[in-house]
Amino acid sequence: MRKFLVAGAALGALTAGAAQAQVQQPGFYGFLNGTYIVDGDLKNVYVSPQLGGQGAGVGDGFGGRGQLGYDFGGWDVAAAFEGAFLSRGPRQASYSASTATHALDGGGFWMVDGEVGYNIRGPGYGVRPFVAVRYARWNLKDDDGQGGAFTAKMTSWGVGPRVGVDGSLRLTESISVFGGLGASALFGKTKTAAGGTAGVGSVSDSRVIWEFDGKAGLDWEIAPLWHLAAGYQFSVWNGVTPKQEYNGFGAALNAGRTDRLIHGPFVRLAYNWGAPPSGPMAPKPPVASGKKSYIVFFDFDRALITPTAATTIKQAAADAKAGKSTRLDVTGHADKSGGDAYNMALSLRRANAVKDQLVREGIPANQIAVVGRGESMPLVQTADGVREPQNRRVEIVLN
């Protein structure tokens, strides 16, 4: 059952918001996860005491998760569905009085989550505590390989609250490291319906299933608003499956509680649609008479110089040298889609990126004055949390 639950814990831990490795911005977002479920030691699922605790387990498997949410600029909501398929496991001897062998025929898993999170954003980092409601269900099937003398269907399910926190830290303009921790308390039941000609009976147990999980990985922004991530996750489940014990072939079935430690690598593709555009393009602001002004625009949440921006900066540098300007004022700005502190740092990064490009074009660094204004001086007035391309800019003024 350990691998049978890896999707529910490891994939389920990959929630939205700050789990998006770059700092999540307001608007619609979604992602798709895929994981490889690592084989584990499941010898205590079906046990024969006479054979020293030998039992049967499942094989490797694959799982996936899809999630869609909306970020309001602080609070966000999300819904997710995930599932997993597990392959047939190897046969293991289970009875001292028989040559019967058992193999778990694999099975499946599915789960739904509803989440509410709050995004805390700063210069290059994001933190997102969240609460959720989770429903999870697992199914496995067993046969003895002896013409159906013993068969069993194992079902576990639970519903309950979940809490956790996800975070990300920007390393470069396009690379971030991320991680998270979560915990769930699922109120439900584990049940084994055993049949076949041996007729060993069934067991059922109501319980609270506790689950704890964690993850870590790297995210790469492969294109504006597109993210590709990879990492590793683990999950611990307490009392998630009944343990079946047999004193011999056809003997009564007894149940105990078992725990699971599960883990595996994952990959994720994410996209942030963002908020609707705020309106038509705005005209450039007027500048003081006798001064030349240039405006360079940037992509959302970026401080990289685009080819168009590089052309504008090249022209500004040429005009500055031709007019023998003694000082260039470079002022960075941001839109209102992030927090004040984050946007202030972003506007300064943009201004410094323009300064570096001006230096490459032959302007002495000591003639360039750099200032960051954050979101305080927009070209287009918008509500807080709204993305506006005209406000993501750097202004160059020749003096």
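This is a predicted model: local features need pLDDT of at least 70, side-chain atom pairs count only at pLDDT 80 or more; totals for chains, interfaces and linings use all residues.

Reader: Which residue in β16 is the bridge partner of L328?

Author: The partner of L328 is I368. Further along, V330 stands opposite V370 in β16.

Reader: And how does the chain get from β15 to β16?

Author: It passes through α3 on the way, and this β-α-β crossover is right-handed.

Reader: What is the strand order in the open sheet?

Author: The sheet has four strands in the order β14-β17-β15-β16, and the pairing is mixed. β14 (292-297) and β16 (368-372) stand at the edges with a single partner strand each, so one side of each has no neighbour in the sheet. On average, neighbouring strands are turned by 15° against each other, with direction ignored.

Reader: What about α3?

Author: Helix α3, residues 340-360, lies across β15, β16 and β17. Its direction is at about 160° to β16.

Reader: How do α2 and α3 pack, in terms of angle and axis distance?

Author: Their angle is about 55°, and the axes are 9 Å apart. That angle makes α2 oblique to α3, since angles of 65 to 115 degrees would count as roughly perpendicular and those under 35 as roughly parallel.

Reader: Is that crossing left-handed or right-handed?

Author: α2 passes α3 in a right-handed crossing.

Reader: Which residues make the contact?

Author: On the α2 side they are A310, I313 and A317, and α3 contributes V354, Q357 and L358.

Reader: How many of those are nonpolar, polar and charged?

Author: In the contact of α2 with α3, five residues are nonpolar and one is polar, with no charged residue.

Conventions
Residues are numbered from 1 along each chain as its sequence is written. Side-chain values use heavy atoms; hydrogens and water are left out. Two strands pair if DSSP finds at least two bridges between them. Helices (H or I, at least four residues) and strands (E, at least two) are DSSP runs, numbered from the N terminus. Axes are lines fitted to C-alpha atoms, for helices over the stretch in contact, and angles run from 0 to 180 degrees between N-to-C directions. Contact means heavy atoms within 4.5 Å. Angles under 35 degrees count as roughly parallel, over 145 as roughly antiparallel, 65 to 115 as roughly perpendicular and the rest as oblique. A crossing is left-handed if the near helix is turned anticlockwise from the far one by less than a right angle, and right-handed if clockwise. Ala, Val, Leu, Ile, Met, Phe, Trp, Tyr, Cys and Pro count as nonpolar, Asp, Glu, Lys and Arg as charged, and the others, Gly among them, as polar. A crossover is right-handed if, with the strands pointing away from the viewer, the path from the first strand over the helix to the second runs clockwise.
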